[in-house]
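Visitor: I would like to go through the labels used for this model and hear what each one rests on. Where do we start?

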Amino acid sequence: MAAPPEGEPLELCEECGSPLVDGFCGTCGNGYREGSSPVGAAPLERGELSRVLGRNVGAKAHGSYALSMQQDQGMGPLRKQIDLMVEQFNASPEAKAAAKQNAETLAVKVMDELGPTKSAIASVAQIFIAQGRNLREVSSCISMVHPSIDRLGDIVVEIRQETEEDVRVLVDGRDRPYKSYSHGFYRRLRIPVFASDGSALIELRGATLTRKGYDPKRVEPKGPSELEVRADEANFELFKILEEARLSGRAAAAGTDQSAMLRKYTISKLRLTGRLLREAGVLQKVSGKYVKLFAEAIADGGGRSPRKLAEEALIEACENVVPGHLRNSLWQKYHLKASGMKSLVVVSELAAWQG
């Protein structure tokens with residue numbers, strides 16, 4: 001690496017602090033050059049793009065442009081994380097493919113505020129929560145890739161150290177790192193635990209518990225040096241990341257608010273429509289397409305009500321996914337009138353979506 005000319009200040013990489021050579025960081029690679037980031041140059045804001053093109057640019061078009069700006073090798077790590085997390089969910093290949101694409105679009109919007117890892121976690125969580133998955137299931141699936149999402153509050157125990165050697169903490173026979181500090185004549189250990197540690201056995205090597213030196217709501221003593229974990233409490237790590245994404249501002253319209261609307265206008269409230277789609281074997285595929293179309297409609301709704309946008313998105317999803325022969329077969333089987341149907345959507349049932 002060549003040294004800069006004498007008298008000139010040494011330019012350092014903003015990410016890792018390494019010296020730059022011709023504006024290039026040899027440590028971070030091509031992702032950091034001339035004001036770029038790991039995902040390439042920052043895209044123009046909507047107003048800036050409108051001025052450059054000399055015409056108004058809609059939110060949908062701007063979203064497509066922003067995503068296209070990220071289509072380089074720098075997006076690799078983000079896509080890899082999204083792919084790994086989505087694959088942990090029980091869904092059809094089509095639904096997973098749609099989830100990956102939609103999650104990537106959301107992640108790009110909050111990348112600058114949250115960083116790649118949190119933006120990937122928040123975007124994947126938002127997509128599956130929008131499909132009606134509960135927070136516990138989403139948290140469990142994501143924790144298979146990011147165990148910290150499954151982390152609960154640390155368990156604190158008071159011990160009497162029996163030897164001069166360091167105390168070993170084993171959880172189900174495996175060493176678990178911990179923090180230790182003195183507390184009068186005794187020591188206190190702060191042991192990290194996870195939701196997956198339910199009923200796990202904690203063994204203290206070289207130490208014994210003091211009397212009442214533990215929280216009986218979280219652990220149950222099984223001997224002078226053994227405890228059983230009671231990991232039945234709630235985990236809030238994923239909730240915190242989702243809240244951070246919401247507060248970033250740029251994710252609010254596309255994330256949390258959208259999730260609430262999708263829960264309100266869900267296919268599960270359309271009992272006959274849901275039954276027809278399930279019998280046709282296309283419920284998951286239609287659901288994935290519906291989520292995508294509804295998200296796009298919300299981003300550029302033109303002042304129309306969310307309910308109207310949801311109806312149009314569901315009808316379009318059915319018409320795109322359900323083959324004509326399959327639709328006609330079910331119409332005949334249940335003696336359904338074509339005038340009351342839009343593909344396999346029972347039009348009168350849409351009244352179940354209130355507001």
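Guide: Start with accessibility: a residue counts as exposed over 50% relative accessible area, as buried under 20%, and as partly exposed in between. The model is predicted, and side-chain atom pairs count only at pLDDT 80 or more.

Visitor: Why is K212 called exposed?

Guide: K212 has a relative accessible area of 69%. The cut-off is over 50%, so K212 is exposed. This residue belongs to the loop between β10 (207-209) and β11 (219-223). K212 also has a positive phi of about 60° although it is not a glycine.

Visitor: What makes H335 count as exposed?

Guide: The relative accessibility of H335 is 72%, and the label needs over 50%, so H335 is exposed. H335 is placed in the loop between α11 (324-333) and β13 (341-342). Its phi is positive, about 55°, although H335 is not a glycine.

Visitor: Why does A195 count as partly exposed?

Guide: A195 has a relative accessibility of 31%. Buried requires under 20% and exposed requires over 50%, so A195 falls in between and is partly exposed. It sits in the loop between β8 (186-191) and β9 (201-205).

Visitor: Helix α10 (residues 306-321) holds E316. What label does E316 get, and why?

Guide: E316 is at 39% relative accessibility. That value lies between the cut-offs of 20% and 50%, so E316 is partly exposed. E316 and S343 are 27 residues apart in sequence and 8.9 Å apart in space, C-alpha to C-alpha.

Visitor: A310 lies in helix α10 too. Is A310 buried or exposed, and how do you know?

Guide: A310 has a relative accessible area of 0%. The limit for buried is under 20%, so A310 is buried.

Visitor: Now the rings. How many aromatic pairs are there?

Guide: The count comes to 5 aromatic pairs.

Visitor: What makes Y265 and F294 a pair, and why is the pair called edge-to-face?

Guide: Their ring centres are 6.4 Å apart, and rings pair if their centres lie within 6.5 Å. The planes stand at 80°, and over 60 degrees counts as edge-to-face, so the pair is edge-to-face. Y265 lies in the loop between α7 (256-264) and α8 (271-280) and F294 in helix α9 (residues 283-299), so the pair ties together parts 29 residues apart in sequence. Both residues are buried.

Visitor: How do you know that Y265 and W353 are edge-to-face as well?

Guide: The angle between their planes is 75° and the centre-to-centre distance is 5.8 Å. With cut-offs of over 60 degrees and within 6.5 Å, the label edge-to-face applies. This pair links distant parts of the chain, 88 residues apart: Y265 in the loop between α7 and α8, and W353 in the segment after β14 (345-346). W353 is buried, as is Y265. Ring pairs link Y265, Y290, F294 and W353 into a cluster.

Visitor: What makes R327 sit over the ring of W331?

Guide: The charged end of R327 is 5.1 Å from the centre of the W331 ring. The distance limit is within 6 Å, and the charge must also be within 35 degrees of the ring normal.

Visitor: Why are helix α3 (residues 76-86) and helix α4 (residues 93-130) called oblique?

Guide: Their axes come within 10 Å and cross at roughly 130°. Roughly perpendicular runs from 65 to 115 degrees and roughly antiparallel begins over 145, so α3 and α4 are oblique to each other. The crossing is right-handed. The residues of the contact divide into 13 nonpolar, 4 polar and 5 charged.

Visitor: What makes α4 oblique to α5?

Guide: α4 and helix α5 (residues 135-143) pack at an angle of about 140°, with their axes 10 Å apart. Roughly antiparallel needs over 145 degrees, so α4 is oblique to α5. α4 passes α5 in a right-handed crossing.

Terms used: Residues numbered from 1 in each chain as written. Predicted model: local features only at pLDDT ≥ 70, side-chain atom pairs only at ≥ 80, totals over all residues. Heavy atoms only, no water. Phe/Tyr/Trp six-rings, centres within 6.5 Å; stacked < 30°, edge-to-face > 60°. Helix = DSSP H or I, 4+ residues; strand = E, 2+ residues; numbered from the N terminus. Buried < 20%, exposed > 50% of the residue type's maximum accessible area, 1.4 Å probe, protein only. Axes fitted to C-alpha atoms, helices over the stretch in contact; angles between N-to-C directions. Parallel < 35°, antiparallel > 145°, perpendicular 65-115°, else oblique. Left-handed = near helix turned anticlockwise from the far one by under 90°. Nonpolar A, V, L, I, M, F, W, Y, C, P; charged D, E, K, R; others polar.
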